[in-house]
2 protein chains.
Amino acid sequence: MSATTIRDIAVALGVTPSTVSRALSGNPYVKESTRAAILKKARELGYERNVMASNLRKGTTNIVGIIVPRINREFFGNVISGAEAVFSEAGYSVVICQTHERLEDEKAALKVLAGEQVAGIMISHSSETVSGEHILDAIGESVKLVQFDRVIEGLPGSIVINDDFKGAYTATKHLIDNGYKRIGALVGFMDTILFKRRYEGYAAALADAGMPLDPDIVYENTILRENGYESTVKAIAAGCDAIYSSGDFSALGALECALKHGLKVPEDFGIVGTANETFTSLVSPRMSSVDQHPFEMGRSSASAMIRLLSGETQGEEILIGTTLVTRQSSTR
Amino acid sequence: MSATTIRDIAVALGVTPSTVSRALSGNPYVKESTRAAILKKARELGYERNVMASNLRKGTTNIVGIIVPRINREFFGNVISGAEAVFSEAGYSVVICQTHERLEDEKAALKVLAGEQVAGIMISHSSETVSGEHILDAIGESVKLVQFDRVIEGLPGSIVINDDFKGAYTATKHLIDNGYKRIGALVGFMDTILFKRRYEGYAAALADAGMPLDPDIVYENTILRENGYESTVKAIAAGCDAIYSSGDFSALGALECALKHGLKVPEDFGIVGTANETFTSLVSPRMSSVDQHPFEMGRSSASAMIRLLSGETQGEEILIGTTLVTRQSSTR
DNA sequence: TTTCTCCCTGCAAACGTTTGCTGGAAAGGG
DNA sequence: CCCTTTCCAGCAAACGTTTGCAGGGAGAAA
């Protein structure tokens, strides 16, 4: 009942396990007729290579670890989905760990993956993570690293991030093009690269249109729905007729606030969010949002990892484009 | 530079690798002083057990495979998240595969996981899957199986499903209690156990309240937003003043339809959906929905798997409770 | 014919752990 | 003091694969 091994194939054909191994792994020093016979017999016996034994001998695995703050978040779910598709296509298995936004858990996950002898690690850091030393400690010389979305500078390997500047720029310009005159901004934490770049994109779009950048209508640390609502109260009081938001939840708060204040969206008030969460197309009026192509980010990250593993590159920085999805909330 | 092995520890202390192995794995036949010395030295040398070698020797891994239609779906994302938490706590690694609702991919995933020598497989079937023979083929005698949510009968191992009957019953009763008189139902595919049970719950609630079950206002194969809209057009024409839906997307369609027809929700028309997707609390009016506790389902499935692996049980059937989350759309 | 290549295949040693068996030493019982 | 039991540790054989080295056979060149 035990699984068939290369030895079984070998004795069945009167050759040695070495030859079978070579035939199966595509070694050129095997006569074509021998190889054919071996492949045939292997199929016949339902042979499946024992990955553990193979890996043990070769000292490396075909497992890639993915570490994210939370699996059950739309963005990360999509990234993982895209990555998994590419990895499985390329013959890699994916093991997944979540950090729950905690540095402790991130360290633990790294340890687990190191123990699992993974070939590489794809990671998006927890919000508690600020330096990358624990990463250097955990991964040896040989484990490849790809950071995506939330990245830390100064680490080896590749980086995959969104073109946040351009996304924000396009969104803001879209509002300007639709005739909105005073556009407020709901932005996140300015010490995070990602949010900073979005703010810069917003500012650049205003500048290019010859519109003033008024710090009074830029609301920082505004990422939750409640924050968005509160900040928009102030924005409306300050005479804004539109909001660019670097998140969808805060944009939703803005939408609710505007409607509550008797403003018609998009006639009186325009809104564009970021992330293109599913709900943006389900609320009414349907909300415009900057799509970050998380699935594509996953695919690209996986490809980058594969290039790293094949030695094709030592590290690269990849920018994933964004797409502004215009819906009712900003189009008049 | 190569990692330290038990042999390194052994020679450093003048004992044999056997003793070190036993000490590290908690074998009682090791003198306490010896064990202490070994543990100390192991820490000192930064020893990490080589999982591949260990698994090869033991013929089993500490990896559990999870197969789902799509990782990036809210429900499955949450299930996986819950399962991963339990598994990693118990020292198991999780590798994830997605089938994209295709039977072909499901077979491929099973093959990959079998090759990876997983200890167990947690699966929720693709929509194309109707029989379980490919499962029996793929998993050997020793691989444990836990099916969740979408299950097939006649397979070994454990099953974890929602209490669909009760969820639908409670939702329908809630509508009745709120004074709705003619309650239509949007149901899914009646050849799927899950949808069938929901339909039965709906019917039972009506029966218990002495209300007639009118087949004319039960709309099958209605799971998408568009279907929900169309079916609700008919339901309104048929004099319904409420809708129980076995999905949230179709419920959303119903909501949009009612509003479009100038009906006030919940005053004129009541709606309850199923799954408690994030967007249900984001639309207006906020939508009532049956929460299926996917996170809990993940946790329970993982626990069931661990019990299976420890031999504590041969198979069990676990029912995850549901909770009706009442929001504006059904409460008057 | 001899010698030199070039293919192909076999031999055997790894990779790092685990574990059945064996046996010595200590402890306990009579 | 001897015999039995218990405790602890070593020996060596696995687990299934890969791979460096060696060697046999066939053909070609000399």
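Guide: K41(B) is buried, with a relative accessible area of 19%; buried means under 20% relative accessible area, exposed over 50%, and partly exposed in between, with a 1.4 Å probe and protein chains only. This is a predicted model, in which local features need pLDDT of at least 70 and side-chain atom pairs count only at pLDDT 80 or more, while totals for chains, interfaces and linings use all residues; side-chain values use heavy atoms, without hydrogens and water. Residues are numbered from 1 along each chain as its sequence is written, and chains are lettered from A and ligands numbered from 1 in the order in which they are written.

K41(B) forms a salt bridge with E44(B), with 3.3 Å between the closest N and O atoms; the term denotes a side-chain nitrogen of Lys or Arg within 4 Å of a carboxyl oxygen of Asp or Glu. Side chains of opposite charge can pair when their charged atoms come close. K41(B) and E44(B) are 3 residues apart in helix α3 of chain B, and therefore separated by about one helical turn. Helices (H or I, at least four residues) and strands (E, at least two) are DSSP runs numbered from the N terminus.

Helix α3 of chain B, residues 32-45, also holds R35(B) and E32(B), 3 residues apart, about one turn of the helix. These two form a salt bridge whose closest N and O atoms are 3.4 Å apart. R35(B) is buried at 12%, whereas E32(B) is exposed at 55%. In chain A, E32(A) and R35(A) form a salt bridge at 3.3 Å between the closest N and O atoms. Being 3 residues apart in helix α3 of chain A, they are about one helical turn from each other. E32(A) is exposed, with a relative accessible area of 54%, and R35(A) is buried at 12%. Over all chains the structure holds 23 salt bridges. R73(A), E101(A) and R150(A) are linked in a network of them.

Q117(A), which follows α6(A), has a positive phi near 65°. In the loop between β2 and α6 of chain A, H100(A) has a positive phi of about 55° although it is not a glycine. H100(A) counts as buried at 19%.

In chain B, V118(B) is found in the loop between α6 (103-115) and β3 (120-123), and is buried at 5%. Not counting residues up to four places away in sequence, V118(B) touches T61(B), I63(B), G65(B), L113(B) and V143(B), contact meaning heavy atoms within 4.5 Å.

T172(A), in helix α8 (residues 164-177) of chain A, counts as buried at 0%. A polar atom of the T172(A) side chain lies 2.8 Å from the backbone oxygen of A168(A). Leaving aside neighbours within four places in sequence, T172(A) is in contact with I183(A), Y202(A), A205(A), L206(A) and Y244(A).

T322(A) sits in the loop between β11 (317-320) and β12 (323-325) of chain A, and is partly exposed at 23%.

Two cis peptide bonds may be noted. The bond from S284(A) to P285(A) is cis, with omega near -5°, and P285(A) lies in the loop between β9 (270-274) and β10 (288-291) of chain A. A275(A) is also found in the loop between β9 and β10 of chain A, and has a positive phi of about 120° although it is not a glycine. In chain B, a cis peptide bond joins V265(B) and P266(B), with omega about 15°. P266(B) belongs to the loop between α11 (248-260) and β9 (270-274) of chain B.

Definitions and conventions: A polar contact is a pair of N or O atoms within 3.5 Å; within protein, one must be able to donate a hydrogen and the other to accept it, and residues adjacent in sequence count only if both atoms are side-chain atoms.
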